[in-house]
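Please read this note beside the sequence and the model. The points start with the ligand sites and then turn to the domains and the salt bridges.

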Amino acid sequence: MFSKILKWAGIVVLGLIVVLVIAFGVFSFLFNQHANKQYAIDVREIEIPTDSATIAAGAHLFTIKGCAHCHGTDLGGKVFVDDPPIGRFAGSNLTYGKGGLPASFDNKAWLTAMRHGVSPAGKTLMLMPSPDFVKLSDQDIGAIIAYCKAQPKVDRPTIPFKVGPMGKVLSVLGKVPLFPAEEIDHTYKQPADVVKSATAEYGEYLSVSCIGCHKPSLKGGDNPIPGGVPVANITSTGHVGKWSEDGFITALRTGKTPEGKQLKNEDMPWGMTAQYTDVELKALYLYLKNL
Ligand code: HEC
Ligand code: HEC
């Protein structure tokens with residue numbers, strides 16, 4: 001009797017293992033299909049300036065768009081997620097030093113990466129948040145590229161991007177935005193320039209940096225980072241609707257909200273929003289307060 005139960009238990013466990021192996025095989029197959037899809041992109045080329053005013057504007061954009069979080073402040077590349085089930089995600093070395101970009105990585109390659117999320121091999125880049133940069137004007141994207149290209153070479157090998165089993169499952173299910181090229185409207189025509197003043201319109205332009213976490217509605221919800229705290233509603237129907245402009249600016253510069261809550265930089269990256277100019281924060285406030 002007992003050995004019969006053991007036998008059946010063994011069959012059930014074995015059956016479960018077989019089902020898991022098959023399910024993982026299916027996810028790996030689907031993952032590879034996403035990762036290896038070829039994109040034939042018609043990149044609109046623009047001139048990349050080299051003057052010092054543009055490079056300075058690019059330095060500010062590099063900071064407020066959070067590039068350093070994944071590529072390092074020296075642009076030499078950096079691991080930003082290291083969790084065996086999810087994966088080891090590292091931003092590449094964006095300089096032309098050893099282990100960095102090849103000399104063949106020209107302006108067209110920069111624009112293809114930044115605006116289309118596509119690598120020189122024609123595949124999607126992994127996790128690079130290009131969908132957040134698609135709407136940047138020609139002047140702004142040109143300034144970011146100008147700044148990056150003007151930085152000194154860093155000799156540091158780019159750490160290979162590795163996706164763990166859980167990362168494959170979550171990305172195929174669309175829970176982790178691993179395939180930026182799939183999310184982009186590749187025909188979008190960017191404006192040459194935008195007016196940078198404290199208007200709701202400019203706030204909307206800047207809010208693209210918030211929607212990756214706060215969702216396109218800016219009403220928040222689940223955290224895109226597995227295990228992260230829920231993301232707040234930052235429209236007029238959330239706390240922001242009751243905040244003064246000063247309260248909003250203080251919250252985004254110090255993490256301290258008018259309700260007295262101290263936001264953690266790991267949850268809400270106020271270390272990044274602290275670098276925004278007054279005009280940028282005022283514009284964001286006007287936009288969110290009226291949303
Ligand atoms: C959330 C992390 C993250 C942020 C923020 C980010 N990147 Fe990336 N970026 C990556 C990763 C990861 C890769 C490598 C993807 C790959 O190898 O498939 C990458 C690749 C690139 C590439 C292509 C390089 C190559 O080797 O083909 C460029 C160019 C680039 N990023 C520029 C930028 C700039 C400029 C910014 C800020 C405006 C930025 N990135 C912000 C994660 C990020
Ligand atoms: C990396 C993800 C991420 C990004 C990017 C991000 N936020 Fe947040 N934000 C959060 C999370 C998570 C919370 C909730 C933190 C908590 O509850 O402790 C939050 C909270 C806030 C709050 C406080 C809301 C309240 O009710 O107390 C404000 C205001 C805010 N974010 C504004 C912004 C703005 C403006 C941007 C874009 C410039 C932005 N955030 C970008 C993740 C993000």
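1. Start with ligand 2. It is surrounded by 23 residues, and the closest are C210, C213, H214, H239 and M268. A residue counts as near a molecule or strand if one of its heavy atoms lies within 4 Å of it.

2. This is a predicted model: local features need pLDDT of at least 70, side-chain atom pairs count only at pLDDT 80 or more, and totals for chains, interfaces and linings use all residues. Residues are numbered from 1 along each chain as its sequence is written, chains are lettered from A and ligands numbered from 1 in the order in which they are written, and side-chain values use heavy atoms, with hydrogens and water left out.

3. Which side chains make polar contacts with ligand 2? H214 has a polar side-chain atom 2.8 Å from a nitrogen atom of the ligand. H239 places a side-chain N or O atom 2.7 Å from an oxygen atom of ligand 2. For K261, the distance from a side-chain N or O atom to an oxygen atom of ligand 2 is 2.9 Å. A polar contact is a pair of N or O atoms within 3.5 Å; within protein, one must be able to donate a hydrogen and the other to accept it, and residues adjacent in sequence count only if both atoms are side-chain atoms.

4. Helix α9 (residues 208-214) gives the largest share of the shell around ligand 2, four residues. Helices (H or I, at least four residues) and strands (E, at least two) are DSSP runs, numbered from the N terminus. The shell holds 15 nonpolar, six polar and two charged residues. Here Ala, Val, Leu, Ile, Met, Phe, Trp, Tyr, Cys and Pro count as nonpolar, Asp, Glu, Lys and Arg as charged, and the others, Gly among them, as polar.

5. Now ligand 1. Of the 22 residues around it, C67, C70, H71, M126 and M128 come nearest. The side chain of H71 has an N or O atom 2.8 Å from a nitrogen atom of ligand 1. M126 uses a polar backbone atom, 2.8 Å from an oxygen atom of the ligand. For S92, a side-chain N or O atom is 3.4 Å from an oxygen atom of ligand 1. Two or more residues of this shell come from each of α3 (67-71), β2 (87-91) and α4 (107-116). By class, the shell has 17 nonpolar, four polar and one charged residues.

6. Next, the domains. The protein is divided into domain 1 (52-183) and domain 2 (200-289), with bounds from an automatic or database domain assignment. Their centres, taken over C-alpha atoms, are 23 Å apart. Domain 1 brings 15 residues to the contact and domain 2 brings 11, where contact means heavy atoms within 4.5 Å.

7. What links the two domains? Four residue pairs are in polar contact between them, both residues at pLDDT 80 or more. The count of salt bridges between them is zero. A salt bridge is a side-chain nitrogen of Lys or Arg within 4 Å of a carboxyl oxygen of Asp or Glu.

8. By that rule, six salt bridges are counted. One joins the side chains of D138 and R44 (2.9 Å, N to O). This pair links distant parts of the chain, 94 residues apart. D138 is in helix α5 (residues 138-149), and R44 is in the loop between α1 (2-36) and α2.
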